[in-house]
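This briefing is intended to be read beside the sequence and the coordinates.

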Amino acid sequence: MEWTRTIDFFFHLESKIPTGGQAWYKKDVCLRRIGTWTLTDLPPNKGAIWSKWVYKNSMLMDPSNAIRLILLRKVIVNKKRLIFTRSMLVLSNLSLFDVSFLLLLYEVGFFINLTGFLGEVEQMTTENDKRITRILFCGPHFPASQNYTKEYLQNYSFIQVDAVPFDKVLDVIADYHICVVKDMRLDSNVISHAKNMKLLMQFGVGVEGIDTIAATRCGIKVARIPGGATGNATSCAEMAIYLMLGLLRKQNEMQISVQQKKLGEPVGETLLGKTVFIMGFGNIGFQLAKRLRPFEVKIIATKRSWSPSDTPDSCQSNEHVQNNVIDDLIDEKGSHEEIFKFACKADIVVCCLSLNHETAGIINKNFISSMRKGALLVNIARGKLLDYDAVAYHLESGHLGGLGIDVAWSEPFDPHDPILKFKNVLITPHVAGVTEHSYRSMAKVVGDVALQLHDGHPLWGIEFVN
């Protein structure tokens with residue numbers, strides 16, 4: 001009897017086998033449960049033993065412990081002899097669990113024909129050991145990015161993760177296959193030295209630090225990690241609310257009151273009844289609107305396109321449902337060309353725009369002048385969206401009621417910057433997206449992409465920009 005199966009399946013002998021156990025399929029190195037099966041075509045007692053073991057052994061139920069032996073073409077079962085053909089691919093070294101699985105097959109009545117197989121496995125695993133896929137993290141900042149990635153890949157000796165200072169990147173980049181830029185600018189000169197590079201990526205969503213044109217010219221892909229899937233957008237949305245509340249409740253003045261042993265001051269304000277303008281309704285804007293709704297605020301937002309298919313984070317395929325989700329969150333929608341009109345209606349403006357040549361310095365004197373006197377400005381996107389001189393001028397004049405920023409014009413932020421003299425300025429050190437959940441999720445994406453690249457699989461879980 002012969003069963004054939006496609007490359008997408010992980011040890012699944014098709015539908016000819018009756019149901020009763022657990023099966024998983026492998027699609028781009030992502031294991032998911034697809035159905036049930038048992039080997040009842042074996043002698044009754046052997047099939048029963050196998051079924052009981054499947055039910056009891058939790059390792060088979062856990063994809064993270066799943067067998068790393070993948071059958072790519074055929075499994076031939078003939079007179080209780082299981083023959084591993086040359087179409088078997090060993091994705092990594094045989095683990096103790098892999099060996100246990102082979103022994104189990106023998107115990108339940110299979111006789112494994114290993115003629116020539118062990119030599120083939122040894123040759124393949126030796127070659128695999130010699131081939132190292134290297135990931136380069138640029139610079140010392142955001143250390144959790146490389147630390148969590150190293151932790152995620154600690155059991156894969158064929159993946160190397162390094163972090164080097166900015167001034168050493170040019171010297172070593174030729175030895176690496178994946179580069180995570182973080183807050184470094186990769187220009188055409190640096191990229192031209194990346195002779196073995198396959199992928200340049202950001203540990204997050206912004207790729208403005210990468211010269212995409214130069215990378216494309218060199219045949220290197222550029223990608224970002226989707227913020228909605230990793231919790232990055234949610235983390236940034238929470239930080240925006242933190243900054244709003246800190247400004248409304250006068251956090252800096254509260255610290256002064258504590259130091260001076262004063263009680264009952266300062267008098268703060270509440271979010272209740274405020275109008276919040278979300279400038280740039282992408283993934284972060286969507287998550288922010290969801291979290292602002294319980295505060296009983298009026299939410300207005302602008303976006304370049306409000307087409308239903310662009311609805312952030314929506315898993316609904318019905319366009320009517322998508323529109324209803326947005327309509328429930330947003331009280332008034334506008335285009336990007338209407339930002340001045342919306343600014344004059346808001347008590348709080350939250351900048352969630354992407355940084356590009358069109359948006360750099362968009363929060364300028366004209367824009368801030370169009371805001372209500374005393375309105376608050378929050379930026380959790382990119383520092384260069386704000387014109388520094390314009391912000392400083394309107395803080396000094398009192399027109400701008402407060403500034404809350406997680407990103408700055410130049411980073412790291414100068415602790416002696418004159419703008420910090422204002423009590424109504426709150427600044428955080430670019431940590432909006434730096435949460436345990438978000439960073440471990442993004443580290444997993446980087447790690448999975450490295451494994452995919454090492455194994456020659458298509459890269460998924462990231463968004464390519466070229």
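In which sense, left-handed or right-handed, does α5 pass α17? The crossing of α5 past α17 is right-handed. The model discussed here is predicted. The protein chain has 466 residues, of which 47% count as buried, and its secondary structure comprises 17 helices and 22 strands. Among contacts in the protein chain with a separation of 6 or more, 64% link residues 24 or more positions apart.

**Packing of α5 and α17**

- Two packed helices are described by the angle between their axes and the distance between the axes.
- Helix α5 covers residues 143-152 and helix α17 covers residues 436-455; their axes are 8 Å apart and the packing angle is about 60°.
- That angle makes α5 oblique to α17, the oblique class here lying between roughly parallel, under 35 degrees, and roughly perpendicular, 65 to 115.
- On the α5 side, the contact is formed by A144, S145, Y148, T149, E151 and Y152.
- On the α17 side, the partners are E436, Y439, R440, A443, K444, V446, G447 and D448.
- By residue class, this contact between α5 and α17 holds 6 nonpolar, 3 polar and 5 charged residues.

**Packing of α10 and α12**

- Helix α10 (residues 232-248) and helix α12 (residues 283-292) have axes that come within 8 Å and cross at roughly 55°.
- The result is that α10 is oblique to α12.
- The crossing of α10 past α12 is right-handed.
- From α10, the contact draws on A233, T234, C236, A237, E238, A240, I241 and M244.
- From α12, the contact draws on N283, I284, Q287, L288, R291 and L292.
- The residues where α10 meets α12 comprise 9 nonpolar, 3 polar and 2 charged.

- R291 belongs to helix α12.
- With a relative accessible area of 27%, R291 is partly exposed, since that class lies between the limits of 20% for buried and 50% for exposed.
- Apart from neighbours within four places in sequence, R291 is in contact with T234, A237, E238 and I241.
- R291 and A237 are 54 residues apart along the chain, yet their C-alpha atoms are separated by 7.8 Å.

**Nonpolar cores**

- The largest nonpolar core holds 33 residues, and those touching the most other members are M244, L288, L292, I348, V350 and I380.
- Two or more residues of this core come from each of α10, β15 (275-279), α12, β16 (298-302), α13 (319-329), β18 (348-351) and β19 (376-379).
- Helix α10 supplies the largest share of this core, with 10 residues.
- Beyond its neighbours within four places in sequence, L292 is in contact with I241, M244, L271, V276, V297 and I299.
- A second, separate core comprises 32 residues, among them C351, I405, A408 and V425.

**T302 in strand β16**

- T302 is placed in strand β16.
- T302 has 1% relative accessibility and therefore counts as buried, the limit being under 20%.
- Neighbours within four places in sequence aside, T302 is in contact with F277, I278, M279, G280, F281, G334, S335, H336, I339 and F342.

**Backbone features in loops**

- E265 and P266 are joined by a cis peptide bond with omega of about 10°; P266 is found in the loop between α11 (251-259) and β15.
- K261 lies in the loop between α11 and β15.
- Although K261 is not a glycine, its phi is positive, at about 60°.
- With a relative accessible area of 77%, K261 is exposed.
- A cis peptide bond also joins E411 and P412, with omega of about 0°; P412 lies in the loop between β20 (402-405) and β21 (425-427).
- H430, a residue other than glycine, has a positive phi near 55°, and H430 is found in the loop between β21 and α17.

Terms used: Residues numbered from 1 in each chain as written. Predicted model: local features only at pLDDT ≥ 70, side-chain atom pairs only at ≥ 80, totals over all residues. Heavy atoms only, no water. Axes fitted to C-alpha atoms, helices over the stretch in contact; angles between N-to-C directions. Helix = DSSP H or I, 4+ residues; strand = E, 2+ residues; numbered from the N terminus. Parallel < 35°, antiparallel > 145°, perpendicular 65-115°, else oblique. Left-handed = near helix turned anticlockwise from the far one by under 90°. Contact = heavy atoms within 4.5 Å. Nonpolar A, V, L, I, M, F, W, Y, C, P; charged D, E, K, R; others polar. Core = buried A, V, L, I, M, F, W, Y, C linked by side-chain atoms within 4.5 Å. Buried < 20%, exposed > 50% of the residue type's maximum accessible area, 1.4 Å probe, protein only.
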